[in-house]
Amino acid sequence: MVLPAHWVNMQLAGQIDPLDRGLVYGDGLFETLRYEKDRYHLLQAHMERLQHGCKVLEIPCPESRIADQFAATADYLAAAACGSATVRLLLTRGNALDQTEGRGYGGEHEQPSVVMSAFATSLPWRSELPALTLRTCEYQLPRHPRLAGIKHCNRLDQVLAARELRRHGFNEGLLYDLEGHLISGVAANVFLVLDGVLVTPELSNCGIAGTVRDALLSIVAPRCGLRVAERSLGAADIQRASEIFLTSSLQGVRQVAIVDGVEFPEHSVTDQLRHSFCDWSEEAA
Ligand SMILES: C=C(O[C@@H]1C=C(C(=O)O)C=C[C@H]1N)C(=O)O
């Protein structure tokens, strides 16, 4: 059993067609999940976001093929004795044939492609990771209301932002849009604690509606007795935040210690949410 392992339309180590629209146009969606102790975390939330993305992109969602692939991957990970993994599901419109030469934007799809990858991970689940040091990205996100929230495959904004961060020696940063609204981290959502309220950017114009973000807003924060808000935020809000943290499907809730050289030493709300999120996601299995 070798990891990473990749499947294309259920075939282990299968090949992707050079005409697949995911490859050619980024015409697809993806979900990155945490697999821990024989189960996928937040699987239902990931599937709901994928289904929503399918509606927006008008791709028929092949739910039973995806369920079969998740089951095959879980069997493979169990046989490989891999207890902690990152699993990425990629769904594309498939190998679409256009009227002309088998190419072109307007091609009709035949069958969506289901691609899955499984990677062994050493990222700890419950134990604390070091608090992050962030830099504000010079790169700014364009607005794209129609695609906002969904996890489509066009991720060049994040690729360019990540390259910029790496040039400066950082692994994560804060992304604003072209109008100066705080949107997210590069591979994560962002939360601020402002006057005791848990606040995260509203994402109607750009950004990805993360599964951990949604769980915090709708379940975990209310359980902790915290008020929540989704609203427009700017750089001035960072300066007056008592705590900042990031969320992602792989890292859960991650403390932030420094933003652009300014320290954020208080993490009590972040830690409470981190523990409650881990407890809830294990219960919700
Ligand atoms: C970039 C990928 O996935 C994203 C990264 C993380 C993470 O590093 O925490 C989590 C989920 C995704 N937004 C990928 O290639 O799968």
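Analyst: A residue is called buried if 20 or more other C-beta atoms lie within 10 Å of its own, and exposed if 12 or fewer do. The model examined here is a predicted one. Ser 281 has 22 C-beta neighbours inside 10 Å, and therefore counts as buried.

Ser 281 belongs to helix H7, which covers residues 268–283. When neighbours within four places in sequence are left aside, the contacts of Ser 281 are His 41 and Leu 42. Glu 202 is 79 residues from Ser 281 in sequence, and the two C-alpha atoms are 24 Å apart in space.

Domain 1 puts 19 residues into the contact and domain 2 puts in 13 residues. On the side of domain 1 that touches domain 2, strand S3 (28–36) and helix H2 (43–57) are the elements that give two or more residues. By class, that side of domain 1 holds 9 polar, 7 nonpolar and 3 charged residues.

There is also a ligand. Around the ligand stand Thr 32, Arg 88, Ala 187, Ala 188, Ser 248, Ser 249, Leu 250 and Gln 251. Sorted by class, this shell comprises 4 polar, 3 nonpolar and 1 charged residues.

Terms used
Residues are numbered from 1 along each chain as its sequence is written. This is a predicted model: local features need pLDDT of at least 70, side-chain atom pairs count only at pLDDT 80 or more; totals for chains, interfaces and linings use all residues. A residue is near a molecule or strand if its C-beta atom, placed from the backbone, lies within 6 Å of it. Ala, Val, Leu, Ile, Met, Phe, Trp, Tyr, Cys and Pro count as nonpolar, Asp, Glu, Lys and Arg as charged, and the others, Gly among them, as polar. Two residues are in contact if their C-beta atoms, placed from the backbone, lie within 7 Å. Helices (H or I, at least four residues) and strands (E, at least two) are DSSP runs, numbered from the N terminus.
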